[in-house]
Amino acid sequence: MGAKKILLLSVPAGAGHTRVAEAIRAYAAGQDELEVTHLDATAFATARLRTAYTGLYLYLVRRAPGLWARLYRLTNQARPDGALHRLRRRVERHESRALVAKIAAIQPDIVVCTHFLPAELLSHEIAAGRLACALWVQVTDFDLHRMWLHPHVTGYFAPNEEVAFRMRAQGIPAQAVHVSGIPTMPAFACLPDRVACARALGLDPARMTFLLMGGGAGLGGLSGVAQALLALPGDFQLIVLAGKNAEELAALRRLAAAHPGRLSPQGYSDRVERLMACADLVITKPGGATSAECLALGLPMIVHAPIPGQEECNANFLLEQGVALQAHALDTLAYRIRHLMDHPEQLEAMRIRARSLGRPHAGLRVLETVLRQHESEDARI
C-alpha cells in the first residue's frame with residue numbers, strides 16, 4: 001500500500017488559519033507513510049473570491065469593524081438553508097471550480113480544513129458523489145460560528161469543551177467531536193531557553209519583558225501603543241512584532257532609535273516561540289492561533305483591539321479562565337501594566353493558569369485521530 005495522502009486546506013483571512021494548518025503539517029513531517037500537502041484554498045479560486053475572503057476581510061476589520069461585526073452576526077444567525085446562504089454557496093462553488101478540480105487530481109485519503117470555506121465546498125462534492133475521502137474540520141477560534149458546521153463531515157476538532165458542547169447541541173454526533181485544542185507548531189511544545197533567545201535580540205534576559213503583537217497583519221496601532229508604554233515608569237523592555245505591516249515596522253524602528261536598549265522591533269517571524277520565550281507577558285489581539293500559542297507556553301496576556309466577532313469571543317474565554325486582562329484603551333493598558341508590575345503574584349497566578357490550559361500537542365492529537373479513524377475504516381472494508 002502507498003503512503004496515505006493528507007490534504008490540509010486553509011484560507012489566508014488573517015494568519016491564524018494558515019498557521020494552524022502548518023502546525024498539523026509539521027507534526028506529519030518525516031513520516032514516510034504519509035504524503036501531506038497544504039494548499040491555500042483561495043489560490044485556486046477566482047480573483048473575485050480571493051478578494052472577498054482576504055482583501056475585503058482585512059479592509060473591514062481595519063476600516064469598518066462595526067460592519068464586520070454585523071456581518072459576522074448576520075451569517076451566524078441566518079438559517080443555513082435560507083436565501084442568503086444558498087446564494088453565497090452557489091457563488092462560491094462557481095468561483096472555486098479550479099480548487100475542486102485540484103483536489104480531485106490529488107485524490108486525498110483525508111482532508112483537514114482549517115477554514116469553513118473549503119469544508120463547505122467539499123461537503124457539497126461528497127454529497128454529490130464526486131469526492132470520496134474523510135473530511136475533517138479544525139475550528140481555529142474559541143467560538144463556534146454556524147458556517148463551520150456542514151453535513152458529510154467525518155469529524156470536528158474543537159478548541160475546548162464549551163465549543164464541543166455547542167457542536168453537539170447543534171446536532172453533531174458526540175463521536176464526531178474531538179476536543180483537541182488549537183494546533184500550534186511543535187516548537188511550542190517546549191519553551192525555548194530565555195537567556196539564549198533574549199541575548200539573540202540584544203535584550204537583558206533578567207529584565208521584565210513585554211511582547212506586543214498585532215497578528216500577522218500588524219493591526220492595532222502598534223507604534224502608538226509602544227510609544228505610550230515606553231512612557232511608563234518602571235524597569236522593563238519591550239518587543240514589538242509588527243507582522244507584515246511594513247509601515248508600522250518602520251515607525252517602530254524610528255521609535256527604537258529614541259529608546260536605545262528598551263525596544264526591539266520585529267517584522268514577520270516564523271519563530272514566534274523564541275520571542276515569546278523572552279516575555280513575561282504578551283499584549284496582543286486575541287486571535288485564536290496566537291492565544292493558543294501563548295497558552296502552550298504558559299504566557300499571561302493583556303488582550304486589546306479584538307476583531308469584532310470571533311476575537312471578542314476569544315477574549316471572553318481568556319478572561320473567564322483567568323489567563324488574561326483586557327484593555328479597551330491606552331490608559332487602561334497603562335494601568336494594567338503598572339498593576340501587574342506592582343503585583344507579581346497575580347502575574348504568576350495567571351502564568352500557572354495559562355500553563356494548565358495549554359494544549360501544546362494539539363497538532364499531534366489531530367494527526368493521530370484522523371489516522372486512527374482512517375485505519376479503522378480501512379479495517380472494516
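Set aside the neighbours within four places in sequence, and Arg338 is in contact with Leu232 and Pro233. Contact here means heavy atoms within 4.5 Å. This is a predicted model, where local features need pLDDT of at least 70, side-chain atom pairs count only at pLDDT 80 or more, and totals for chains, interfaces and linings use all residues. Residues are numbered from 1 along each chain as its sequence is written, and side-chain values use heavy atoms, with hydrogens and water left out.

Arg338 sits in helix α14 (residues 330-342). Helices (H or I, at least four residues) and strands (E, at least two) are DSSP runs, numbered from the N terminus. Along the sequence, Arg338 and Leu229 are 109 residues apart. In space, their C-alpha atoms are 9.9 Å apart.

Is Arg338 buried, partly exposed or exposed? Its relative accessibility is 44%, so Arg338 counts as partly exposed. Buried means under 20% relative accessible area, exposed over 50%, and partly exposed in between (1.4 Å probe, protein chains only).

Now turn to Thr284, in strand β10 (residues 281-284). Thr284 counts as buried because its relative accessibility is 1%. Beyond its neighbours within four places in sequence, Thr284 is in contact with Met213, Thr290, Met301, Ile302, Val303 and His304.

Next come two paired strands. Strands β8 (residues 236-241) and β9 (residues 263-266) run parallel, joined by four bridges. Two strands pair if DSSP finds at least two bridges between them. Ile239 has Ser264 in β9 as its bridge partner.
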